[in-house]
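Dear colleague,

Please find the structure below. My notes come after it.

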Amino acid sequence: MAIASLNATLLQELLLGWKADAKLALRYFKWAEREHGVKHTSESYCTLLHILARAKRHGAVQVQLQHIISQENHSTAAFFHMLAKTRNRCPLNPAIVDILIVVYGQNDMLAEAVEAINRSQFYELSPSIISCNVLLDALVKTRQTEMARKVYWALIRRRITPNVNTFNIVIHALSKEGKLQKATDLLTDMQSWGCSPNAITYNTLIDGHCKKGIIGKMYKAKELLNEILAKGLFPTQVTYNTLIDGYCKEGDGAAAFKMLEKMKENGILPNVVTYNALICGLCNEDKTEEAFNLHGEMQEKGVVPSIITYNSLINGLCKNGQTIKGEELLDEITRKGLVPNSVTYNTLIDGYCKKGEMQEAFRLLGCMIKKGIHANVSTYNALINGFCKIGKMKETEKLLDEMAEKNVKADVITYNILISALCQQGRTPKANKLLNEMLEVGPAPNYVTYNTLMNGFCEEDDIKSALRLRKEMAKRGRWANIATYNVLIKGLCRKGKMQDANELLNEMLEKGMTPNHVTYNVVREEMIEKGFVPDIEGHFT
């Protein structure tokens, strides 16, 4: 055989002759391309892949697959077709599919990876659960949770046995979407597949419940902790930190500190995450002095505060109007070698704005920019809110123009601040125009938006517009919440429509909503004290 006659077809025959020696086959494959300019066909590549996979040269398979998928005319369908075509003399190895899925994932080609899993069934190949888990994890991390669920159910239908990691990934996806019941139901599925939940499974579910904004969320989270203990599993630092943070965010500091004690009793030491959650919780409850005591305790125990720690403390001080002390902490941050971030500056700027000290707020903005930290939407929201509070609407317009120039997009908080300010000034028509703007171009209005505007209408004695807005809100999938009812009941009472207000109150109770302190105040001040006794026996005592 003359070297000059070497071509892709002949090369493939030679490769098949050397299929027992994968190392030699690979060397010859590279030599033919390098020394003789042979243009390898997809058939040659697939033949080589069969040989390498058979010899368990998985690293070499990965390299070749990377080259194949980087070609412009690459097609998953065509690849599987050629893989099947070349398996007559080299059995098709499922490892090729596994590695292909991983390589697709590494190249952010997740749609192609999903297609590879789907196509593999037509060639009587089952990818390993390990490669499927890699894909599921990548889909969840890129927020393609719907696709992740579809892949999961495709694996179940094909009887590809899931493991605990599979379930943990899917439970994480469902928890992120707030579908906690479906996530919890997977615990039963795990048992049917012979899998036992581990600490990660329970931590994920606990985290989902702690972050869900519903009444009684912590009760369910605590139940899951008890289930961990009942099964003889050991709660981790993450378990306790998640629960402590959940209690703090719910405003139940007492329960958070009880959980801290249980954490210590079980031999798990609190870390910076634990202390940060507790300090943030204390500051939110206006217990700044206790927060600083805890800050001292953590340092005594050798736990180094982070920028998050200081941001929480600064927030606690600013909430109490102690902006000067907040700035003193800013100096301490620098001395400790930490780097203040946008949250640090925004908290201080907001503190000054709430006090009406706009000059000080802009001074800090200047310092922030000098440090190379750009003003973001939160910065502008603080400044806009500050000017709105002192009635300088022209200044807010200048800031909105500046935001547009710097391509800083207004968020729902920006709009809510402006709508609130306009309603307070009796300019509800203009506030309503802003709502229409949100509906047309975004961002989507939230409950605060609707309730603020409804209250504005009620304050102007325009209960008809307020009730119309409630209907519009419902059409867009937002049903009245407790704050909505409070606003409308108060508005109807002030209009003298006591019976209508009574009907709305009963409607709220029939929907299973629990009246809050605002509801009680409205009923007492706007109904009972004005001589109207609501017909809701058994609900108020």
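The notes below go from the whole chain to one residue.

This is a predicted model, in which local features need pLDDT of at least 70, side-chain atom pairs count only at pLDDT 80 or more, and totals for chains, interfaces and linings use all residues. Residues are numbered from 1 along each chain as its sequence is written, and side-chain values use heavy atoms, with hydrogens and water left out.

The protein chain contains 30 helices and zero strands (DSSP runs numbered from the N terminus: H or I of at least four residues for helices, E of at least two for strands). Its C-alpha trace spans about 110 × 55 × 55 Å along the principal axes.

Of the 541 residues, 47% count as buried (under 20% relative accessible area, with a 1.4 Å probe and protein chains only). Among contacts with a separation of 6 or more, 62% are between residues 24 or more positions apart; contact means heavy atoms within 4.5 Å.

Thr166 is buried, at a relative accessible area of 0%. Apart from neighbours within four places in sequence, Thr166 contacts Ile129, Asn133, Leu136 and Tyr152.

Regards

How values were computed: Buried means under 20% relative accessible area, exposed over 50%, partly exposed in between (1.4 Å probe, protein chains only).
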